[in-house]
Amino acid sequence: MTATPWKAPKLDAKLKIAIHDKMVLSRATEEMLIRMMRTGHGYFWIGGPGEEGFNVPLGLLTKKGHGPDYDYLHLHYRSSATILAMGSDPIDMLRQMRSTATDPYSKGRNFVNHFAIKPWNVVPVTPTIETQYATVIGTAHMQRRHGGDGLSYVTGGDAGSAEGDFWTCMNWSTRPDHELPVLILLTQNQFGISTPSSQTQNNRHLNERANGFGIRNACVDGNDPIASFHAIVEAMEYVRHERKPYCLQANVSRLYGHSSSSGANRYDEPDCIAPYEQRLIRENLMTQAEIQAVWDKHNAQLAEDLQKVIAEPMPGKEHVLQHVWHDGPAGN
Amino acid sequence: MANLAQAIRLALHYAEENLGVTDIFGEDVGAPLGGVFTATQGLKTAWNTPLDERGIIGMALGIAYAGGKPVAEIQFCDYIYNCIDLLKLCGNVTWSSAGEYHVPMVLMTPVGSGIHGSMYHSHSFESIATHIQGWKIVMPSNPKDAYGLLLSAIAEPNPVLFLAPKALMRQKGAELIPGEPADERTLHNLIDAPLGDRSDWQPNWPPVEDYRVPIGEAKIARAGTALTVVTYGRMLPVSVTAAETLAKEGIEVEVIDLRTIYPFDLPTVKASVEKTGRLLVINEDTEVTNFGEHIIRKVMDEAFYSLEVKPELLAGLDVPGVGLAWGYEQNSVPQQDDVLAAMRRLANERA
């Protein structure tokens, strides 16, 4: 069975409102995760509040499914909005935050925002921040051979792109006659943990590093979901049809710092949601009351989800040796 | 008889045709060279990569994620160290994702000394490898086992590290691989690329058959009652030779070819120690936190009261490398005389 060819949806009023809904859901979820960390319902928080303006359009534009006809996602740990935009249930993120045995992504073994969703080609997220650039060439290699319009995309930041695997990705995806359908995404929040990127790299735009490999590239304001949507569509259309790599940088905010290691306090950086809400009001697509209702709906659901998750079982001795080995037939 | 490099090549050919191998790749793995030891000559899915070990491992893991069956190669294990975190990732994917993904990939790399390889073509890797959880680790000592272990590795749904003792690559076997022509010259003419221009050359594969050496199953290479020697890879033929010398002195040594280093065949080792009461583990790796120490510890746990004398490990000296001059290698990696002396001493030690 061949998958339906990908086609970018029309960015109409309905989709603009849906983008807002997912942005709010993502922010509310991340803020719930931070509250869980503060109130003893989880050990460590790391996530992506501030990247919703880029990551929600990315999730909505992903060709979602299993196998090489669909997009492979090699994400890093600030990709919650992408996963939620694709339709995941935020309660599963709460489960991973609390490290419950019911956590579907890692059974309580990994930090929050470390997804693994095979039905959607979301390969396991790791905290290495660089290995995803090395693995993305493998799925893209299989897609190049398979044909179709599926692509492999990889996300990272300015710190991750300082690692050698970033260069591996660009080199391997531009081998003569073996170019790979890789979309290289750089969410630039100006920091690597606590170190400002001004101290670590001299590029005005990280995406310009791709020029050395002849990779088409662009930079977009990741705090603008509409601009991001169009930039992602342009990039995806190129990769899907030309079967060559593309590097897209999105300038984003990091609203709660690196992680709970830096306190997870709110920083005074541009917030992508507020101006987008003003835009929706200006365009008469939503009222302030309707916007507030979206926040209230998601916050109420998350509060209900939390109570459910708190009552769920935690991993124990019986779980430790599970999944050390795969006992079934080979093949993902 | 096929040599070890030819056996690997035959196994990969069989696996391309019958076990779903999609990609065999690494530096110089594809045409025209077909591997620095010629182990990948003529294979239809073999291709050359950039000289980028991290890219090779990442490519393999990505292929496995996407439903393929990769066999990757790091040209010498001495160059694998910049990939440790990727090896860790390959080994933890199944556990960390709670079984959502698994990693059916094989990574081949030549190991050990014996070819005047100097600092970066002589090291062993099995001890470090056994600290990277989630991998199975095999090392053959002869061509037929290489064939059977590699097919088992390729059929395995978990990542397998296939360590090839480089000093044995040109060693011929004592047993035919099922389907292998009996005449060496015939095999050579069928599957060895000619020297010089080989752009029009194609192999003519013999009808080799399915033959597996199960992962986790050791073999008693030589039976005996005076001493148990546990070894693998290049040290196996060295140990058998020493055992044959001692047999002339009336000392019958049992030599176990571990074949799978992890998870290793403890029942076979334990049964042998219970019979002989003496244990000598021999390998080329450096002696500190050597995997042989783990073998000895497991024997202490499981068969302590069967031991008549203290168990011993004969391994490489704990020095930063194997030096090029023969005097370095001869005096830092166990040699034939060292093995013989250690076996004789332990077999004769008063209980």
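These legends accompany close-up views of a predicted model. Local features are described only at pLDDT of at least 70 and side-chain atom pairs only at pLDDT 80 or more, while totals for chains, interfaces and linings use all residues. Residues are numbered from 1 along each chain as its sequence is written, with chains lettered from A and ligands numbered from 1 in the order written.

**View 1. B:Ser97 in its loop.** Look for B:Ser97 between α3 (84-96) and β4 (106-111) of chain B; helices (H or I, at least four residues) and strands (E, at least two) are DSSP runs numbered from the N terminus. B:Ser97 counts as buried because it has 26 C-beta neighbours inside 10 Å, the cut-off being 20 or more other C-beta atoms within 10 Å, with C-beta atoms placed from the backbone. Leaving aside residues up to four places away in sequence, B:Ser97 touches A:Ser106, A:Ala116 and A:Pro124; contact means C-beta atoms, placed from the backbone, within 7 Å.

**View 2. Chain B meets chain A.** Here 33 residues of chain B and 36 residues of chain A take part in the contact. On the chain B side, α2 (53-65) and α3 each give two or more residues, and α2(B) gives the most, with eleven.

Conventions:
A residue is buried if 20 or more other C-beta atoms lie within 10 Å of its own, exposed if 12 or fewer, and partly exposed in between; C-beta atoms are placed from the backbone. Two residues are in contact if their C-beta atoms, placed from the backbone, lie within 7 Å.
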